[in-house]
Amino acid sequence: MASIFRRTRSRPIPDGAELVTNRSGQRFAKWTDKKTGRARKEPLNDAGDRVVIEAGSYLIAYVDASGKRVEVNSETPERATAEQIAAKLESEAALRRRGIIDADQEAMADAGRRPLAQHLADFQAGMMAAGRTDDHVSRTVGFIREILDAAGYVNLADIKADGINRFASDLTTEGKAARTIQARLTAVKSFTKWLAMHNKLNRDPLASVKKPNPAADRRHERRMLLHEEWDWLRATTEQGPERYGMTGHERMLLYAVAIQSGLRSGECRSLTRGRLMLDDGQPYIVCKARSTKNKKDARQYIQPGLAAELAQHIGTKAPAAPVFSMPEETNVARMFRKDLADARRAWLGSTQDPAERLRREQSDFLQPANHDGEKADFHSLRHTTGAWLALAGVHPKVVQTVMRHSSITLTMDTYGHLFPGQDAQAVASLPDIMGDDSDQDAKRATGTDGRLHGVSKWPANGQHSSRDTAQNVAGSCEPDKDSQNGDGQPNVLPYNALSSKGRNVAERGGNRPGGIRTPDQGIMSPLLSPLSYGPFHGFSWFLLLHRTELSYRMKSVEELFKHYFSEVQNRWPDPPSRGGTARAASTEL
């Protein structure tokens with residue numbers, strides 16, 4: 001039974017209060033509240049020295065579905081109303097104990113009454129707890145707020161796929177890039193997916209929302225540096241002035257590390273002296289998971305020459321000191337572009353020939369953007385890593401490992417066009433595959449055409465790569481032209497290409513209906529051929545063939561073998577050799 005009561009607290013009798021006693025003998029204190037200016041009358045405690053003040057709303061204490069006694073504020077000063085609320089709470093607890101009320105559905109209903117801002121705060125706390133970077137969290141939450149405000153969503157029930165699609169359509173109309181739209185849709189879809197996973201929604205309302213493909217509308221294509229471009233950039237940067245707090249030599253080392261390791265700007269910034277393993281036979285750099293994009297430790301190998309220069313650079317640094325004194329993120333890009341411009345000026349000034357000077361000025365060598373619109377920035381150094389590996393013929397899986405791509409698909413989509421292909425060799429082999437024998441007559445006459453005499457380049461039963469062609473040949477009673485030689489006689493394999501038990505069959509030649517060249521069951525059916533496949537091979541295939549028949553499941557092994565032996569005898573006249581093989585299997589069984 002639920003209990004209904006008001007919580008009380010005592011306080012000293014206010015100054016100037018008048019003490020009175022009612023007809024039943026209970027004593028009260030009367031005074032004027034200084035805050036509200038209203039007259040108040042409250043009872044005194046048993047000692048008569050303090051005022052007892054009751055809460056305005058009634059509290060309800062009852063036993064919930066789990067058997068725990070809980071207190072709930074009825075939020076009403078009316079006792080009759082509080083009693084009705086208490087009866088409803090007890091009734092619902094009883095229904096939950098009997099499984100009539102679904103606790104998950106009830107939790108979703110409670111979540112639906114909360115504003116979206118509270119759920120977004122919980123989502124943000126979850127990302128922080130998962131170790132996401134502050135930049136990622138703030139950017140994701142900002143995108144979500146942008147969409148929710150634009151769509152006018154306030155509660156969970158407001159979220160609809162149609163509204164999100166309209167938002168994406170409006171961005172497209174405004175000329176926003178597909179990558180911009182995709183980033184916002186990815187953020188809001190991750191939010192609704194989180195809501196569904198945490199039982200705040202019974203399903204993801206945005207599961208049907210499709211994100212645009214950034215590759216189809218890429219506005220910022222990065223380009224790689226050519227080897228010659230890197231030579232000029234390295235030389236001019238090392239001799240260049242200090243920029244953004246970094247000397248020319250330090251900037252050159254930064255660019256070299258980015259190219260050889262494929263590290264991103266933020267990952268280079270996180271490097272400390274203790275993360276450079278330069279004394280090993282194969283030096284490498286360790287980047288901790290908290291700084292990498294995929295949140296996994298990275299071990300990136302570098303060349304010994306660069307390792308020696310880095311060892312000299314960090315010789316006086318503490319183990320926890322940063323390797324590079326890099327400026328803020330936006331200034332890193334500006335710094336790289338200025339060094340690139342210095343390298344181009346040096347390259348242009350290295351020739352005195354007017355014609356050559358004009359040709360160089362018209363080229364995109366060391367330009368921030370090439371003729372295809374691809375731009376060079378600091379991240380282009382990472383792109384250069386993958387591009388140079390691909391051009392060197394390194395296996396794509398190795399490139400994926402070095403670049404730390406999540407899938408080989410990403411690697412091939414980015415660098416697949418740079419891998420040395422075998423297209424020309426594949427096309428050159430087409431005449432042999434397609435039967436172009438224009439230059440084979442002389443080779444065939446001398447026996448140097450690489451083929452066995454009389455052997456067709458297609459299977460003997462005419463089953464080419466096309467199913468339709470195979471069916472036409474196999475279903476025809478006419479011999480295939482590829483199965484005959486020039487005099488119209490069937491092709492016959494040389495004796496040394498056949499086993500002894502198949503020679504007499506090949507000599508007879510001929511095509512049977514169905515495209516089968518031989519009536520020998522030992523070749524036609526491995527299921528019934530203990531000769532060619534061993535004592536137990538045919539019997540095993542026989543059991544596999546009849547595995548679904550209940551009658552065979554109920555037989556003993558001896559009975560099954562007798563049935564198999566009988567079927568072999570019925571289909572073949574039993575020569576001594578075959579009977580001997582079957583008997584050998586019986587003996588072994």
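**Helix pair and sheet: group meeting talk**

Helices α3 and α4 are roughly antiparallel to each other, and the reason is the angle at which they cross, over the cut-off of 145 degrees. Before I go on, note that this is a predicted model.

Two packed helices are described by the angle between their axes and the distance between the axes. For this pair, α3 covers residues 116-129 and α4 covers residues 134-151. Their axes cross at roughly 160 degrees and come within 10 Å. The crossing of α3 past α4 is right-handed.

Which residues of α3 meet α4? From α3 they are Leu116, Leu120, Phe123, Gln124, Met127 and Met128. On the α4 side, the residues met are Asp134, His136, Val137, Thr140, Val141, Ile144, Arg145 and Leu148. Sorted by type, this contact of α3 with α4 has nine nonpolar residues, three polar and two charged.

Now the sheet. Three strands make up an open sheet, in the order β1-β7-β8, with antiparallel pairing. Why is one side of β1 and of β8 left without a neighbour? Both stand at the edges, β1 at 3-5 and β8 at 69-73, and each has a single partner strand, so one side of each has no neighbour in the sheet. From one strand to the next, the twist averages 20 degrees.

Looking at one pairing, β1 joins β7, residues 59-63, through three bridges in the antiparallel sense. Ser3 has Ala61 in β7 as its bridge partner.

Last, helix α1, residues 79-97, lies across β1, β7 and β8. The helix runs at about 20 degrees to β7.

Methods: Residues numbered from 1 in each chain as written. Predicted model: local features only at pLDDT ≥ 70, side-chain atom pairs only at ≥ 80, totals over all residues. Heavy atoms only, no water. Axes fitted to C-alpha atoms, helices over the stretch in contact; angles between N-to-C directions. Helix = DSSP H or I, 4+ residues; strand = E, 2+ residues; numbered from the N terminus. Parallel < 35°, antiparallel > 145°, perpendicular 65-115°, else oblique. Left-handed = near helix turned anticlockwise from the far one by under 90°. Contact = heavy atoms within 4.5 Å. Nonpolar A, V, L, I, M, F, W, Y, C, P; charged D, E, K, R; others polar. Pairing = 2+ DSSP bridges.
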